[in-house]
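Trainee: Please take a close look at a single part of this structure. Then set it against the rest of the chain.

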Amino acid sequence: MNAIGTTGFVNMNEPDRRPADTPSPSAATPPQESASSPRASRGPTRRQVLGAVLATTVLAVGGGAAWAADRFLIPHVDVGDASAYEAAQLDANGGTVDDAAPSGTSTVSISTVVTGSGDEQVTAFVADVVLGAATDLRSAFADDAFGRNIVQTTSEIAAANDAVFAINGDYYGFRETGIVVRNGVAYRDAGARAGLAFYRDGRVEVYDETATNAQALVDAGVWNTLSFGPALLENGEVLAGIDDVEVDTNVGNHSIQGAQPRTAVGVLGTNHLALVVVDGRSPGYSAGLTMSGLAEFMRDLGATTAYNIDGGGSSTMVSNGSLVNDPLGKGEERGTSDILYIAA
């Protein structure tokens, strides 16, 4: 059985650790479509119903609003039963789902780390994860469906996948660019930025999406990818210019500047990760971190490689079915398109 522990509260007394912001998404073309499936016949979520209502309203207003609704609100399902699709793809490639069955020996220890004070206080949650097998770290989609604008909360996706621990993923469904490989299966091949690749042998590397393709990564043993960024650390050093990086060229908020809630992945060693969620936008509890502040935080944890993923209201950590952090100081989760998790 995978073990989850809480190591408690750590106050690092580092005053001026400032917060960071959360990226936004972009555009390209999704993968294959799956016809009907048990999942596809499920009723829409409340958020999807609301999105459809809003979309219907803006359709009457004008073409621009209709485009925006279609782009950002209306669910577009490309693979309706991702679990079955992954099983079929693994089988077609000479493997089986059992080849990547959970080892049951992964451990997670969660610590609360508080730095600074007053309105500059920052509260972060650090999960020290030791994987029994690299494939114990899995990904799951909202509603078990791959596409755009399909969302559930981290807790809901975690519960549907018997996760003992989970964090939000890269919100792939808010953009159409990037390479998406999940649980050993390629879903999208539209390289656009620096991505993060988790290999079956325990390696975790930042790579250039534009210099390869999804199938080549799968053939090389990549188990999961994340497409967000920027990369924060290389060889234990904070990368220059990360506060000014544009992750997306979408409508609005292109950059990731300022003090914001954050989620990040850090590499401590082979099959040894630090998965971090930083709360923010809550003066007196947690201001958040700038991108460079997040990089320094990950470096101080001992990470040699670190990568930023979706943040803001999406930054969420769940353990044994309970919400660990306090998103935006409201205790409420925002819907997201995917999670990283460890199964029971």
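Mentor: Start with the partners of Leu-323. Neighbours within four places in sequence are left aside; Leu-323 is then in contact with Thr-316, Met-317, Val-318, Gly-331 and Glu-333. Contact means heavy atoms within 4.5 Å. The model is predicted, so local features need pLDDT of at least 70 and side-chain atom pairs count only at pLDDT 80 or more, while totals for chains, interfaces and linings use all residues. Numbering runs from 1 along each chain as its sequence is written, and side-chain values use heavy atoms, with hydrogens and water left out.

Leu-323 sits in strand β19, residues 322-323. Strands (E, at least two residues) and helices (H or I, at least four) are DSSP runs, numbered from the N terminus. Leu-323 counts as partly exposed because its relative accessibility is 29%. The class lies between buried (under 20% relative accessible area) and exposed (over 50%), with a 1.4 Å probe and protein chains only. Thr-154 is 169 residues from Leu-323 in sequence. In space, C-alpha to C-alpha, the two are 9.0 Å apart.

Now the sheet. It is open, has three strands, and runs in the order β11-β10-β12 with antiparallel pairing. Its edge strands are β11 and β12 (222-226), each pairing on one side only. From one strand to the next, the twist averages 30°. Axes here are lines fitted to C-alpha atoms, for helices over the stretch in contact; angles run from 0 to 180 degrees between N-to-C directions. Two strands pair if DSSP finds at least two bridges between them.

Take β10 (residues 194-199) and β11 (residues 204-208). Five bridges join them, and they run antiparallel. Gly-195 stands opposite Tyr-207 in β11. The two strands form a hairpin, with four residues between them. Gly-202 is in the turn, and has a positive phi of about 100°.

β12 comes next. Four bridges join β10 to β12, again antiparallel. Here Leu-196 stands opposite Leu-226 in β12.

Last, the whole chain. The protein chain has six helices and 20 strands. Of its 344 residues, 54% count as buried. Consider the contacts with a separation of 6 or more: residues 24 or more positions apart account for 77% of them. The accessible surface comes to about 13400 Å², and 51% of that belongs to carbon and sulfur atoms. Areas come from the Shrake-Rupley method with a 1.4 Å probe; for residues, only the protein chains shown count as cover.
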